[in-house]
Structures are given as structure tokens and as C-alpha cells.
Amino acid sequence: MAKVTRADLLAMKTQGKRIVVVTAYDWSAARLLDQAGVDVLLVGDSLGNVIQGHGSTLPVTVEHMIYHTACVTRARPAGLVVADLPFGTFQRGAAAALDASIRLVQEGGAEAVKIEGAGERLACIETVVRADIPVWGHLGLTPQSVHAFSGYRVQGKDEQSAARLLVQAREVEEAGASALVLECIPWELARQITAQAAIPTIGIGAGPHCDGQVLVFQDLLGFSDDFVPKFVKQYARLGDAITEAVQRYAEEVRQGTFPTLEQSYGAPGGRGKVKKSAGRP
Ligand code: KIV
């Protein structure tokens, strides 16, 4: 499949074709997402939650993001690879945003970066875009601002904050962003922002009228039932499937029924050559 580009995503908006985005943090998941034909693989700093086990995205560093972005790009997916600028980058200003963006492109292979917020952040978007690195904006419930928001809360619920988000969406676009993630805002506000924007909007908890949707890999595949936000749909229950498979493996190891002699080297008629495990290159 041909590589998805920034221009393709713009054309999809114009043609009314919905954009499919899923988070990815490693090579094997990136390969599966590629086989499924997703348009964009987002190396989200949500890896702080679902990979590192933190309660927020704040502990995620540039080094972590580079490591995971490189794991994803090594799969050479056709989908565009967008990487989050983590906490402690654009919050320090445009020069820090540019440094981190260059590293994500050069060392991680990212094809675009994502910057949360507007206001002071507009200068960061402009600077990174001027360096020819495409930038995605992110408005609404921006998780790096969790403490400023006093928790993970739906944004833009009252008239004043909805009006502010409409203005910010226009400013992010004018700063040069090539797409805009809208997280946890009322669907009607997301519809208005999508209608006013020339760039694609990608919703998560923002209703059905965005130009595309993004879900976290582990949420979409039902890795856990610990906390399932209202906007998540689990298309599989891999958490249960994995637990059940590992329990069966553990049982067979304990009973001595795995491995069989046929699965062992030195079996009569067997070959000595070590085959690589499924999926390894
Ligand atoms: O970090 C992330 O995964 C994200 C998406 C949820 C939009 O920013």
C-alpha cells in the first residue's frame, strides 16, 4: 500500500472520507495495524498509561517517545506516523518544541508531531511547521494539562469555553497545523469546529461528526475492564483471550503436557534447524 501523506489526509477531508487513527507503541502492533489498513499510527504519550503503567502522561520523556516511535517506524507502516511531543517540551517554548520534534523525526522516524493546546503553544506550532515538520494540534481535554484542569474533565461544556475552543481551533489551524485532535468535548462543538476547519479533525470522545476518529490500541482491543471511558468501544476482548491462553499454557506446563517430544529437538526424524518464532523478521 502507498504511504499515507499529509496531503492524502487533507484530500480525505475534502472527499468526506473518514480517517482511521489508532495509537501504536511497538513494532508488532504497528505491523498488525498496517495489515488492518489504518491511515495514521499515533505514537501517543498515552504510552505513559498503557505501557508504563503511570496514572498520567506526565512522566513520559522525549527519550521514551523516540524509543517507541522508532519501534513503530521499524514496521514501515503505510499509515502516517505521528508522534506526541511529551510534557516538558513545548511547555518550555518554541526552541524546545523544535529540538524535540527534530529528534523525533531524525531518531524516531516520525512523519509529524502533535502538540497539545493553543495560546502560548501557537508559537511552537509555527516554529516546528517552519522547519518543515508537519504538526497536529490537540484541543479539548489535553491530558498534559490534567492538573490545570483539576482532573480529566470534559471541556467546552459551557458557552464561554465552547466559544474559546472554536477560536483556539481556528488559531491552531492558522499557526499551520495539518490536523486537529479533539478530545472529550460535546459532539455539537466538535461538529462546529469540524465545519469551520479546512484541516481534518480527529475525535476521541468528541462524537461522530469529526473527520476521523482515534482510539488507544489497548482500549479498542479490550485489554482491560478496569476503567472503560464512555467513548470507548471494545472491538475485541483481548484481555480475556490473553489471560485464558496463558492459563492454558501454565496448566500444560504444570501437567507436563507441553512441550511434547514432537516439539523437542532430538526427536526421531526431527530436523535440527531452529526456526524463528512467528512474526520475527
Ligand atoms: O496520547 C494519545 O494517545 C493521544 C490520543 C488519545 C489522542 O493523544
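The largest pocket in this predicted model has a volume of about 1,100 Å³. Its lining takes in 39 residues, and those nearest the centre are Val216, Asp219, Phe227, Pro229 and Phe231. As for secondary structure, helix 3 (47-50), strand 4 (112-116), strand 6 (179-183) and helix 9 (217-220) are the elements that give two or more residues to this lining. Sort the lining residues of the largest pocket by class and you get 19 nonpolar, 11 polar and 9 charged.

So what sits in the largest pocket? The ligand does. Around the ligand you'll find Thr23, Leu42, Gly44, Asp45, Ser46, Asp84, Lys114, His138, Val181, Ile204 and Val214. That shell splits into 4 nonpolar, 4 polar and 3 charged residues.

| Residue | Distance to a ligand oxygen |
|---|---|
| Asp45 | 3.1 Å |
| Ser46 | 2.5 Å |
| Lys114 | 2.8 Å |

How much of the ligand's accessible area does the protein cover? On its own the ligand has 260 Å² of accessible area, and the protein covers 96% of that.

Next up is the second largest pocket, with about 340 Å³ of space. It is lined by 22 residues, and Val21, Val22, Leu215, Leu220 and Tyr235 are the closest to its centre. At least two lining residues come from each of strand 1 (19-23), helix 2 (27-36), strand 7 (201-204), strand 8 (212-215) and helix 9. Helix 9 also gives two or more residues to the lining of the largest pocket. By class, the lining of the second largest pocket comes out at 17 nonpolar, 4 polar and 1 charged.

Away from the pockets, a couple of backbone details deserve a look. Most residues other than glycine have a negative phi, and most peptide bonds are trans. Which peptide bond is cis, with omega near -5 degrees? That's the one from Phe258 to Pro259. Pro259 belongs to the segment after helix 10 (238-255). Then there's Arg76, which isn't a glycine but has a positive phi of about 50 degrees. You can find Arg76 in the loop between helix 4 (62-73) and strand 3 (80-84).

Terms used
Residues numbered from 1 in each chain as written. Predicted model: local features only at pLDDT ≥ 70, side-chain atom pairs only at ≥ 80, totals over all residues. Heavy atoms only, no water. Near = heavy atom within 4 Å. Polar contact = N/O pair within 3.5 Å; in protein donor to acceptor, adjacent residues only side chain to side chain. Areas by Shrake-Rupley, 256 points an atom, 1.4 Å probe, with all protein chains shown as cover. 1 Å grid on protein atoms, 1.4 Å probe; cavity = no way out; pocket = protein on both sides within 12 Å on 5 of 7 lines; lining within 4 Å. Sits in = over half its atoms within 2 Å of the grid points. Nonpolar A, V, L, I, M, F, W, Y, C, P; charged D, E, K, R; others polar. Points joined across faces, edges and corners; volume = space filled by probe spheres on them. Helix = DSSP H or I, 4+ residues; strand = E, 2+ residues; numbered from the N terminus.
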